[in-house]
Amino acid sequence: MQESLLYKRSNVSVDIRTMNKRNTILLFAGFSCLLYFGYFLWETLRYALFWREQQQLFLFDRFYIVETLFRPGGFSALSGSFLVQFFYSPVLAVVLTLILLGLITLLVWLTVRKMGKLLPVYPLCFLPALFLVLSLYDICYRYEAVTAYLFAVLALFVYSRPRRLDWRLRLILGSSFILILSYAAGSVAVLFSVSIFLYDILMRRDHASFSLLYFLLFLLVGYVSVRVGESGTYTYACSPLYYYEMGETMPYVHCLSWLMLPLCLLIAGIFRLRCGGRRLPVVINLALFALALFLFVGKYREVRDPNLHDSYRYEYLAVNEQWDRLVDETSANLHTGTALNYLNLALAQQGVLAERLFNYPQYGPNSLIFISKDKTPDVKLARILFAMGNMAAAQNVAFNACFTAGGYNPSMLKMILQIDLMRGAYPVALKYIELLEKSMHYSAWAASQRKYLFDDQAVNADPFLGTGRRDFPQEEAFVLSTTPLDDLYRTLDANPADGKAMQYALSYLLLSKDIDRLGSFIRRYYGMPSLSSLPLPVQEALLFCQDYYQTMDEEYALRNGLEERRSLALRLLTDDFLYGHGVAGETMTRFRSFRSAYGKARQDPEALSAYKNTFWYYLLFIRI
């Protein structure tokens with residue numbers, strides 16, 4: 001008898017040690033996978049998550065919280081927005097997202113594990129979280145879908161806990177969860193109803209067929225939500241479309257994460273029967289996992305837009321005013337106009353735009369600023385107009401770009417607030433300050449702006465706000481109705497000390513190849529506080545313009561359409577004028593060398609290689 005008890009105790013201790021060893025291995029494997037998962041998120045998604053923060057403003061305001069909380073799906077929307085407010089930091093964005101995805105994976109595994117000793121199914125439990133990542137690349141897919149998914153698997157885990165529960169009580173529990181999820185989290189309740197039906201059937205619970213009532217209950221809830229106007233269509237009420245921006249076409253890739261959870265339960269239920277021995281489940285599950293990874297890689301390449309990801313990165317650097325890093329990032333990736341716009345913005349903020357303009361490829365004025373024909377609201381355009389000193393146009397664009405699907409764009413709110421302070425529109429600025437003070441991340445900055453309210457002297461004395469106030473032209477004009485250069489002229493006439501506006505004006509003339517106007521521009525503004533010396537490309541342009549006039553047959557040109565005004569402007573570009581307006585002797589010497597190299601270029605194509613970063617090379621060889 002004692003030997004028998006000792007034998008049983010030894011077997012129990014062996015089983016416990018084996019279980020502990022297995023749990024340790026699973027814990028280590030899961031932690032390793034999450035670390036790799038986190039690295040993947042950091043490399044590919046951190047700036048897209050930051051962009052989500054720029055599309056909303058979570059307010060610690062009773063009306064805002066109550067209004068959000070008590071609308072259908074409001075709890076998941078509120079919890080998602082609460083987390084997204086921390087995404088101003090890419091580190092926090094990745095860590096918080098990783099925690100959510102890790103909890104989803106853990107809850108799926110804890111639910112599957114209750115179906116039996118199904119260690120081979122463990123890798124499949126990562127698939128719901130993995131395919132949720134694909135959805136996060138689409139900015140139209142709201143982040144609340146992740147929190148709603150977490151609530152669904154949490155409810156599934158709680159539903160699976162009681163092993164011996166009367167089927168009536170189980171039915172009440174499941175129905176209660178469906179009603180709660182439908183109102184608190186939205187259409188994810190249909191995923192929960194499918195999952196608990198499969199769980200009951202595969203676990204062969206008592207009266208499992210009654211789980212079909214869960215479908216009928218959810219269909220009833222969906223029908224009621226459509227009839228009362230809470231959901232537009234039945235598809236919206238019963239699919240991931242619930243978490244997609246209204247009016248947009250949702251790609252079917254967002255359904256994949258919803259398919260993965262029932263798949264995990266189905267595979268676990270099949271191998272719970274232990275058909276085919278022990279090796280077959282391992283082989284099949286590894287094959288399924290490999291197939292899912294192959295599908296994930298294919299869909300990842302399909303949904304991820306590198307250009308869009310780059311735009312998010314540039315906007316992050318611009319919001320945080322990391323101009324040196326923005327120059328480095330954009331200059332390494334100049335195949336898009338967006339990169340060039342941000343690069344030139346960073347150079348302007350550093351005060352070296354005109355000087356370093358041709359150190360990088362440029363393709364006309366659109367390299368500085370691109371305005372679409374329909375003037376689509378664009379945060380990038382607002383930032384560039386703001387840097388140009390065109391405050392009226394910047395406020396117009398920022399206001400239109402401020403109202404996003406998720407609420408307010410906080411950086412655009414800050415810009416509008418500052419422009420209202422510059423205007424002296426203090427009551428309006430106060431409203432924006434009070435709004436931003438209700439947020440967590442921006443409240444301290446907003447409070448710091450109160451010192452400028454109703455105090456013109458403080459605004460005028462501030463280097464930033466004072467410059468902006470002086471940028472407003474004396475005469476009002478319609479915003480964005482003419483070329484940016486015309487607006488720059490008005491800004492400089494009002495405030496000749498605005499260095500960034502001067503940098504943009506000179507660069508615009510150079511990139512437009514408008515060498516005729518450049519001479520008159522220099523006569524008009526040279527010696528002003530923002531133009532005490534000439535950037536090298538401007539010197540190069542003036543020398544070329546002078547040489548062009550000296551080699552031109554003026555009488556012939558006048559007979560063939562050369563305007564007298566233009567001829568007079570060219571005639572004034574004498575050596576004395578150039579010396580007196582900042583053209584250095586070294587630049588003149590280099591121009592003579594360029595002319596010599598240009599004459600040899602037909603025989604020796606490399607003769608001009610030393611001049612590729614000059615205005616001369618841009619003027620003669622770059623099409624715009």
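**Entry 1: T68**

I began with T68, which lies in helix 2 (residues 62-69); helices here are DSSP runs of H or I with at least four residues, numbered from the N terminus. The model is a predicted one, in which local features need pLDDT of at least 70 and side-chain atom pairs count only at pLDDT 80 or more, while totals for chains, interfaces and linings use all residues. I noted that residues are numbered from 1 along each chain as its sequence is written, and that side-chain values use heavy atoms, with hydrogens and water left out.

I found T68 to be buried because its relative accessibility is 10%; buried means under 20% relative accessible area, exposed over 50%, and partly exposed in between, with a 1.4 Å probe and protein chains only. Leaving aside residues up to four places away in sequence, T68 touches G74, A77 and L78, a contact being heavy atoms within 4.5 Å.

**Entry 2: confidence**

I looked up the pLDDT, the predictor's confidence in each residue, from 0 to 100. The protein averages 88, and 91% of the residues score at least 70. Over residues 5-9 the pLDDT is below 50, and this stretch has zero contacts in the model beyond near neighbours in sequence. Where pLDDT is low, the predicted coordinates should not be read in detail.

I compared the expected span, 1.5 Å times one less than the number of residues, with the model. For helix 6 (residues 144-160), 17 residues should span 24 Å, and the end C-alpha atoms are 24 Å apart, which agrees. Of these 17 residues, 14 are buried.

For helix 8 (residues 188-202), 15 residues should span 21 Å, and the end C-alpha atoms are 21 Å apart, in agreement. Helix 8 is also mostly covered, with 13 of its 15 residues buried. After helix 8 comes R204, with a positive phi near 55 degrees.

**Entry 3: M440**

I located M440 in the loop between helix 20 (426-436) and helix 21 (443-448). M440 counts as partly exposed because its relative accessibility is 42%. Apart from residues up to four places away in sequence, M440 touches F60, Q85 and F86. I also compared M440 with D200: the two are 240 residues apart in sequence and 44 Å apart in space, C-alpha to C-alpha.

**Entry 4: W42**

W42 counts as partly exposed, since its relative accessibility is 31%.

Note on methods
Helix = DSSP H or I, 4+ residues; strand = E, 2+ residues; numbered from the N terminus.
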